[in-house]
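User: I would like to go through the strand pairing and the charged side-chain contacts of this model, with the reasoning spelled out for each answer.

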Amino acid sequence: MAGQLGLDPPTMKLCPGGATAQLELALRNSEAVANAFKSSIFSSAIHFLVYCSAHLTSSEKEEVEHELQNSYIAHLDSSRTGSYPTILYVLAPDLPKGACVEIKPTLYVPADNGYSDDDDDVDITSDPETGGSKPASSKVLSEWSARYSDLHDSCCLVHTVTGKICSAVVSITNGIASKIYSSTEQLQQSEEHLKAIARFCVFQIAKILIDNGFTWDSVTMLRFYYSVEHSLAADVLSRMFSEAFAELGKATGGSLRTDGVPVFNVLPVSGSGRSASMLDILTCELLASKA
């Protein structure tokens, strides 16, 4: 689904009341779009990307997170899937129309609900077919598992519709980073630290796919958001991730994709994270579906 703002439909102007009021209306607008495709954000959403304006104060960002919890998360029933939709917050310098908040839901819509692939005005993931090969086990993966598995639950959010689709957010905070590498040096001063974080993220992605029965070919979106405050160069980070994927691909018989590296994007942002504080060093956003 395209990003939704807190716009009043008759006037197409932002509603008064600030960030929380705009979020509440953006949720209602998202629900209206979902209803047009015979679905609902309360039953079909698998992931929410929440953009917050950099002009918001810390307390306003906290209020946005609380409003999302109270107006949306609190009304969900996780009994069917066992988990809630993943949520990623990204701090944006400017949003359309000067908005405080923009939300972009990703919905899973089964093929039998009447939705047609010809209706592509919204970004809705349809019911996929099964196929592909699982990421193979290897000595490298085993070594990385011994080193990084203990941190999985503390940095990963995962939501799946069993056998169909998977969304995940991997959050690298300063606390997680300090456990990945044991040094007091600043992140941007050591290429080895970047390599360690890249390997860690690649391992977590592989583990998520393996644990939930998905393949490398299942990956439809893979983004790495990094904070510009850390003075990291996008091309350097991109190279580190390419090397980490290539290292794992070589060890597993080149099963990552035909070119050995899953398609990914490295995006510089003002901030990102699983919470509205958006203090991650780096955040990974993953979407996989069986095709």
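User: In what order do the 5 strands of the open sheet lie?

Analyst: This is a predicted model, and what follows should be read as computed from it. The pairing within the open sheet is mixed. Its 5 strands are arranged in the order E7-E8-E12-E9-E10.

User: Which strands stand at the edges, each with a single partner strand?

Analyst: A strand with a single partner has one side left without a neighbour in the sheet. From one strand to the next, the twist averages 15°. The strands at the edges are E7, residues 156-161, and E10, residues 265-269.

User: Over how many bridges do strand E9 and strand E12 pair?

Analyst: Strand E9 covers residues 219-227 and strand E12 covers residues 282-289, and the two run in the antiparallel sense. Within this pairing, Leu-222 has Leu-286 of E12 as its bridge partner. The count for E9 with E12 is 7 bridges.

User: What angle does the direction of helix H7 make with that of E8?

Analyst: Helix H7, residues 191-211, packs on the sheet, where it touches E7, E8, E9 and E12. Strand E8 spans 165-172, and the direction of H7 makes with that of E8 an angle of about 155°.

User: Which residue meets Glu-285 in a salt bridge, and is Glu-285 buried or exposed?

Analyst: The salt bridge of Glu-285 has an N to O distance of 3.5 Å, and the pair links distant parts of the chain, strand E12 and strand E9, 62 residues apart. Glu-285 has 2% relative accessibility, and because buried means under 20%, Glu-285 counts as buried; its partner is Arg-223.

User: How far apart are the closest N and O atoms of Arg-239 and Glu-243?

Analyst: Both residues lie in helix H8, residues 234-251, and because they are 4 residues apart they are separated by about one helical turn. Arg-239 is partly exposed at 36% relative accessible area, and Glu-243 is likewise partly exposed at 37%. The two form a salt bridge in which the closest N and O atoms are apart by 3.6 Å.

User: Which residue meets the side chain of Glu-24 in a salt bridge?

Analyst: Glu-24 counts as partly exposed, at 36% relative accessibility. The N to O distance is 3.7 Å, and the partner is Arg-28.

User: To how many salt bridges does the count come?

Analyst: The pairs discussed above include Glu-24 with Arg-28 and Glu-285 with Arg-223. The count comes to 5 salt bridges.

Definitions and conventions
Residues are numbered from 1 along each chain as its sequence is written. This is a predicted model: local features need pLDDT of at least 70, side-chain atom pairs count only at pLDDT 80 or more; totals for chains, interfaces and linings use all residues. Side-chain values use heavy atoms; hydrogens and water are left out. Two strands pair if DSSP finds at least two bridges between them. Axes are lines fitted to C-alpha atoms, for helices over the stretch in contact, and angles run from 0 to 180 degrees between N-to-C directions. Contact means heavy atoms within 4.5 Å. A salt bridge is a side-chain nitrogen of Lys or Arg within 4 Å of a carboxyl oxygen of Asp or Glu. Buried means under 20% relative accessible area, exposed over 50%, partly exposed in between (1.4 Å probe, protein chains only).
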